[in-house]
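The stops below tell you what to select and what to look for.

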Amino acid sequence: MKAETGNLFRKLEAIGELTEEMKAAIDAMPLQVKSLAKGEHVVSDGEISRHSCLLLEGMLHRRKLTPQGNRQILSIHIPGDVPDLHSYHLKKMDHDLVATVDCQVALIAHEDIGQAIHASPALSDLLWRETLIDAATFRAWMTMIGQTQTLARVAHILCELYVRWEMIGDLEGGPFPFPLSQDEVADVIGASIVLASHSLQALQQRGLVSLEGGKATVLDWPALRDLAQFEPAYLYYLHETRRR
């Protein structure tokens, strides 16, 4: 196993069966490792993409800008994610993929993805499952933004990231990276910076989470989950152990 594919393997094993044949097909793909500074684009809206991006370190987000320059953050990505896997089929990007913090990525040429799928047809099904889960996450976010209060939206994002970090490594209740600024949180949940700031403070004052040094620690999972109305079924995490 390549060091670069460890988190990807753990994520795929969390959502389905990853065989040794599939691992070998993934590891056979050449990787172009690249460092990105915070704010740098992996790929931009309107660009024709010839690669997909495996996040190795740091955090990425998808975003869409309105003609007036307003930003909506569409998703957050952690190591092991391939946030533009869909570009294997949909070449023209309809959003930006941006480094949330300094990070490291591995670019995988679409032709090499095709060769991996040819070498292991079952891998195609697992990657398709990953893309469908990505779509399920979009639906969960749409419901969260449209039908819950600001405090619940922030709680939902924290719950989701907590479970997703668990998918690639046992947190054992410890802290996980949460380097989002207040304005980025605001652009995730579709609210003002003031409301986002107040919500982050309120969650800490209620003793649900601790936020310090770009990391978050969940202090009261049942209460945070209840507040967020969070049901992790949409992540299709096979080993999720925090169901009640």
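Strands here are DSSP runs of at least two residues, numbered from the N terminus, and two of them pair if DSSP finds at least two bridges between them. The model on screen is a predicted one.

**Stop one: the hairpin**

Select strand S9, residues 209-212, together with S10; the two run antiparallel and are joined by 4 bridges. S10 itself covers residues 215-218. Now go to the turn: which residue of the hairpin takes a positive phi? The hairpin of S9 and S10 has 2 residues between the strands, and Gly213 has a positive phi near 60 degrees.

**Stop two: after helix H8**

Select helix H8, residues 221-228, and step on to the segment after the helix, where Gln229 is placed. Most residues other than glycine have a negative phi. Gln229 is not a glycine, yet its phi is positive, about 55 degrees. Is Gln229 buried or exposed? With a relative accessible area of 60%, Gln229 is exposed, because the cut-off for that word is over 50%.

Stay in the segment after H8 and select Tyr236. Tyr236 is not a glycine either, and has a positive phi of about 50 degrees. The relative accessible area of Tyr236 is 43%, so this residue is partly exposed.

**Stop three: the open sheet**

Select S1, S7 and S3. These form an open sheet of 3 strands in the order S1-S7-S3, with antiparallel pairing. Look at the edges: strand S1 (32-36) and strand S3 (51-57) each have a single partner strand, so one side of each has no neighbour in the sheet. Turn the view to follow the twist, which averages 30 degrees from one strand to the next.

Then zoom in on S3 and strand S7, residues 103-109, which pair in the antiparallel sense over 6 bridges.

Terms used
Residues are numbered from 1 along each chain as its sequence is written. This is a predicted model: local features need pLDDT of at least 70, side-chain atom pairs count only at pLDDT 80 or more; totals for chains, interfaces and linings use all residues. Side-chain values use heavy atoms; hydrogens and water are left out. Buried means under 20% relative accessible area, exposed over 50%, partly exposed in between (1.4 Å probe, protein chains only). Axes are lines fitted to C-alpha atoms, for helices over the stretch in contact, and angles run from 0 to 180 degrees between N-to-C directions.
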